[in-house]
Amino acid sequence: MRPSPSNTLYSLRHTFKDRLRDIGAPEEIIDELMGHKTRGPKYGRGHLLEKKYEWLQRIAFDVH
């Protein structure tokens with residue numbers, strides 16, 4: 001996402017979701033990372049924090 005007067009915080013959320021989709025993250029992981037409620041019945045505890053971190057690492061920018 002590039003700086004632009006038309007970009008909003010909501011634009012950042014869309015970009016975040018798009019980047020996760022682009023790397024093939026499962027919808028369930030995307031929903032959990034975005035704070036969305038899950039569809040259907042909830043079983044188990046959800047994904048481990050370490051697994052969520054692994055997906056986030058895959059879309060992180062390298063700022064060296």
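Author: Contact here means heavy atoms within 4.5 Å. By that criterion, and leaving aside neighbours within four places in sequence, Trp 55 is in contact with Leu 20, Ile 23, Gly 24, Ala 25, Pro 26 and Ile 29. This is a predicted model, in which local features need pLDDT of at least 70 and side-chain atom pairs count only at pLDDT 80 or more, while totals for chains, interfaces and linings use all residues. Residues are numbered from 1 along each chain as its sequence is written, and side-chain values use heavy atoms, with hydrogens and water left out.

Trp 55 belongs to the largest nonpolar core, whose 7 residues also include Leu 20, Ala 25, Ile 29, Ile 30, Met 34 and Ile 59. Such a core is a set of buried Ala, Val, Leu, Ile, Met, Phe, Trp, Tyr and Cys residues joined through side-chain atoms within 4.5 Å. Buried means under 20% relative accessible area and exposed over 50%, with partly exposed in between (1.4 Å probe, protein chains only). At least two residues of this core come from each of α2 (27-34) and α3 (49-59); helices (H or I, at least four residues) and strands (E, at least two) are DSSP runs, numbered from the N terminus. The helix that gives the most is α2, with 3 residues.

After α2 comes Gly 35, with a positive phi near 80°.

As for the rest, the protein chain has 3 helices and 0 strands, in the order α-α-α along the sequence. Its radius of gyration (over C-alpha atoms) is 14 Å, well over the 11 Å that the globule rule gives for 64 residues, so the chain is more spread out than a compact globule; the rule is 2.2 Å times the number of residues to the power 0.38. The C-alpha trace spans about 40 × 30 × 15 Å along its principal axes. Of the 64 residues, 17% count as buried. Among contacts with a separation of 6 or more, 36% are between residues 24 or more positions apart.

Ser 6, in the segment before α1, counts as exposed at 59% relative accessibility. Its C-alpha is 25 Å from that of Asp 31, and the pair is 25 residues apart in sequence. Leu 9, in helix α1, also counts as exposed, at 65% relative accessibility. Leu 9 and Arg 45 are 36 residues apart in sequence and 29 Å apart in space, C-alpha to C-alpha.
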